Amino acid sequence: MKGHFGTTHFLFKKVFPYLVICLFSFCFTTESFASHAVGADLSYTCLGGNQYEFQLAFYRDCDGIPAPTSPLITISSASCVQQTSLTMTLQSVSEVSDLCNAQIPNSSCNGGTLPGVEEHLFTGVFTLPANCSDWVISYSLCCRNNLITNSQNPQTYALYVESTLNNVAAPCNSSPYFTTRPVPYLCSGQLINYNHGAIDPDGDSLVYTLVNPLDDPVTPVPHIVPFSATYPISTTPPNNFGFDILTGQMTFNPAGPQIAILAVLVEE
């Protein structure tokens with residue numbers, strides 16, 4: 001069994017129900033973000049034998065500080081007493097702001113006032129030195145956005161993501177990966193159906209769980225009451241956040257302006 005853990009940063013703004021999706025960008029107010037860590041995904045592909053390519057997708061708030069240029073991921077196994085780090089290589093940078101095409105020039109990535117997000121894609125190749133049942137591949141970066149509304153003092157916590165690998169049970173297996181970027185801008189007061197679009201390249205069946213966003217391998221980022229891992233945002237009616245463990249589908253009606261984080265664990 002392997003797990004793939006990612007964080008998503010939901011941004012909600014109050015808009016009138018009759019606005020179509022292409023007009024969402026007109027409804028945002030100007031905000032300043034001290035940090036830059038919006039979200040991240042971490043996955044891997046088996047290249048043969050014990051050689052793996054690791055992929056890190058880092059999402060940067062363009063109102064924050066620059067993204068890392070050579071991030072380090074940690075590769076460890078407790079049972080085999082192994083730990084090392086791998087420097088990742090930047091492959092591409094692209095703007096992924098969830099705005100109309102005509103409004104992209106007005107995003108914060110381009111000097112404008114509309115919310116802007118960049119996707120930084122990194123890869124690295126590493127040969128595992130042993131067959132172990134509990135490899136953990138992880139990435140951590142400080143700090144989270146201090147405007148997050150569903151967490152207590154979010155700016156004091158890091159963004160942490162991980163994947164697990166068992167090359168004893170499955171000698172050459174690849175992790176699931178997300179096909180939907182985790183930076184949606186959603187419309188308050190309208191029913192939302194959202195899915196991370198996880199795919200397993202080996203064709204294995206997947207199961208999904210809403211889990212606590214993490215500061216480190218064991219420390220959850222605290223929620224503000226009444227929020228929790230399974231109720232991460234304010235909804236109408238309250239406490240009504242639908243989540244399908246077999247498909248990862250989320251169904252909810254966001255209530256009011258919010259900037260919320262949630263985390264999804266995908267296992268085969």
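In the predicted model, the largest nonpolar core comprises 26 residues, and Phe54, Ile73, Ile75, Ile137 and Tyr139 touch the most other members. Two or more residues of this core are supplied by each of β2 (37-48), β3 (51-61), β4, β7 (117-127), β8 and β9 (159-165). The largest share, five residues, is contributed by β2. Another core, of 18 residues, lies apart from it and includes Phe178, Ile192, Tyr194 and Leu206.

Neighbours within four places in sequence being left aside, Phe54 is in contact with Ser43, Tyr44, Ile73, Ile75, Leu86, Met88, Phe122, Thr123, Gly124, Phe126 and Ile137. Among these contacts are Ile73, Ile75 and Ile137, which are listed together with Phe54 and Tyr139 as the core members that touch the most others.

Strand β4 (residues 72-77) pairs with two strands. Its pairing with β5 (residues 82-87) is antiparallel and consists of six bridges. Within this pair, Ile75 has Thr84 of β5 as its bridge partner; Ile75 is also one of the residues with the most contacts to other members of the largest core. Four residues separate the strands in the hairpin of β4 and β5, where Val81 adopts a positive phi near 55°. The pairing of β4 with β8 (residues 135-141) is likewise antiparallel and is made by four bridges. Here Ser77 stands opposite Trp135 of β8.

At the level of the whole protein, the secondary structure consists of 17 strands and zero helices. Of the contacts with a separation of 6 or more, 71% are between residues 24 or more positions apart. Buried residues account for 52% of the 268 residues. The accessible surface amounts to about 11300 Å², and carbon and sulfur atoms make up 56% of that area.

Confidence in the prediction was also summarised. The average pLDDT of the protein is 86, with 87% of the residues scoring at least 70.

Conventions. Residues numbered from 1 in each chain as written. Predicted model: local features only at pLDDT ≥ 70, side-chain atom pairs only at ≥ 80, totals over all residues. Heavy atoms only, no water. Buried < 20%, exposed > 50% of the residue type's maximum accessible area, 1.4 Å probe, protein only. Contact = heavy atoms within 4.5 Å. Areas by Shrake-Rupley, 256 points an atom, 1.4 Å probe, with all protein chains shown as cover. Pairing = 2+ DSSP bridges. pLDDT = per-residue confidence, 0-100. Core = buried A, V, L, I, M, F, W, Y, C linked by side-chain atoms within 4.5 Å.
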